[in-house]
Amino acid sequence: MAAPQLPLLPRTVAQAHQARHVLTVPGDVELDEIEVLALSRFSATRWDVVPAGILPGNVAGAPQGRRAQGKEVGVLRVSRHAVINGPYLPGGVGFDLGVPPGAAMAFDVVCHRERGEPPFPAGDRDGIGRAFAAGMPEREERRLVEWLVSVARRLGGSLRLDVGGLWDAANAAGPTAKPGAGVVLTPDAGAAIDMTVYSDVWLDPQAAHTILQKVHPRARLHMDGQEWGGPPDGIAEKPLFPGDPLDPELRKKLHAAADDYDIKALTGPRVLDGYGLVVELGVDGIVSVEISGEEKLPRLLRGLPWAEQGAVRYWVHWEPHDLVESQREFPSMELRVARKRAAELVARLAGAIHAAAGGEIADEDGFLVDPSDL
């Protein structure tokens with residue numbers, strides 16, 4: 001819970017070359033949750049100043065700096081040029097954040113301002129384009145903004161993005177100056193429903209089918225391939241592209257070598273390195289489970305003994321009938337209802353796979369999920 005002794009947000013913390021964003025979260029959020037979520041995305045995460053709400057020994061693994069003194073807030077550095085200051089009370093010195101009710105703590109985020117072209121007019125699911133209508137964040141700032149959206153979605157919080165030098169003394173109209181800049185986003189927790197189970201156990205197709213059929217009777221294996229008839233006739237005589245410098249003889253040798261490779265692959269033993277299952281939901285779309293090997297794992301899994309060489313990836317994914325509608329910031333009621341029903345099935349399927357194969361579950365944003373929370 002937010003303590004009453006927390007200070008108010010300062011009017012300005014950013015310099016001219018920096019961008020300022022504010023994250024607010026409800027009172028049931030613990031400070032070490034912010035640290036864990038930062039460690040999940042940024043390898044350089046460390047405490048420059050450890051806030052009073054984090055006790056020695058209960059940090060998630062980020063290196064520690066000095067302890068905060070008095071009413072001094074914590075400083076969590078996620079990169080060389082990006083820091084998260086807080087917690088503060090969700091209000092400012094002479095200004096109102098304008099975020100929805102329910103906020104108990106605020107975090108001031110400062111990074112380099114890196115902007116590019118304006119967003120596409122179609123918009124995006126998270127509202128980032130709406131918040132940066134003049135120019136989208138790029139490189140480090142984009143990664144940080146996308147992480148902030150993911151954190152707000154995970155913790156039930158809100159953001160005021162791109163407040164910049166909004167509250168400096170030159171722009172203030174007085175002690176009750178209104179924000180007038182920066183866009184408030186409250187990411188929809190229901191918008192990201194896909195889940196991934198990472199495990200060192202490979203379930204063969206029939207075993208996975210049996211497990212998932214217990215969750216939903218319409219689960220079926222989806223392993224049908226399509227016969228390949230080989231390359232078109234005469235392709236070996238054609239140039240690869242206009243101005244192709246290869247002489248005809250060398251080109252024939254390259255194509256012959258490619259043919260030998262293909263023949264060896266087609267006549268050798270079949271090696272199953274991936275398969276899928278699907279559950280057709282009628283008007284609600286399709287939920288698929290794709291199984292394959294994966295070397296690029298969430299940061300918090302890297303270095304674990306069972307994941308040193310990669311892991312088996314069980315990706316549980318919802319595909320609605322209307323993909324365009326699903327990517328709108330404010331989709332239709334029909335889409336939200338279908339998404340909610342699909343989300344319940346996605347969670348049940350992920351839970352069943354984890355119960356059988358073990359490992360860890362990650363949400364769509366790459367944050368780890370406790371199986372009991374499913």
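I take a cavity to be a set of grid points where a 1.4 Å probe fits but cannot get out. The model I am looking at is predicted.

Cavities. I looked up how many reach 30 Å³ or more, and the count comes to 2. I list its lining as Leu31, Ile34, Trp47, Leu76, Ile84, Gly86 and Phe107. Helix H1 (31-39) and strand E5 (82-88) each give two or more residues to that lining. By class I note 6 nonpolar, 1 polar and no charged residues there.

The second largest cavity holds about 40 Å³. Its lining includes Leu203, Ala208, Leu277, Tyr314 and Ile353. H4 gives the most to this lining, with 3 residues. By class I find 9 nonpolar residues, no polar and no charged ones.

Cores. I then turned to the largest nonpolar core, which has 37 residues. Helix H3 (residues 139-155) gives the most to this core, with 8 residues. Ile34 and Phe107 are among the residues with the most contacts inside the core. Beyond its neighbours within four places in sequence, Ile34 is in contact with Leu23, Val29, Leu76, Phe107, Trp147, Val151 and Leu155. Another core, of 31 residues, lies apart from the largest one and includes Ala208, Tyr314, Leu345 and Ile361.

His216. I found His216 in the loop between helix H4 (205-215) and strand E10 (220-221). His216 counts as buried because its relative accessibility is 14%, under the 20% cut-off. Not counting residues up to four places away in sequence, His216 touches Val279, Leu281 and Leu345.

Helix H7. I checked residues 333-357, which make up the 25 residues of H7. Its C-alpha span from first to last is 36 Å, close to the 36 Å expected. Gly358 follows H7, with a positive phi near 70 degrees.

Conventions: Residues numbered from 1 in each chain as written. Predicted model: local features only at pLDDT ≥ 70, side-chain atom pairs only at ≥ 80, totals over all residues. Heavy atoms only, no water. Helix = DSSP H or I, 4+ residues; strand = E, 2+ residues; numbered from the N terminus. Expected span 1.5 Å × (residues − 1). Buried < 20%, exposed > 50% of the residue type's maximum accessible area, 1.4 Å probe, protein only. Contact = heavy atoms within 4.5 Å. Core = buried A, V, L, I, M, F, W, Y, C linked by side-chain atoms within 4.5 Å. 1 Å grid on protein atoms, 1.4 Å probe; cavity = no way out; pocket = protein on both sides within 12 Å on 5 of 7 lines; lining within 4 Å. Points joined across faces, edges and corners; volume = space filled by probe spheres on them. Nonpolar A, V, L, I, M, F, W, Y, C, P; charged D, E, K, R; others polar.
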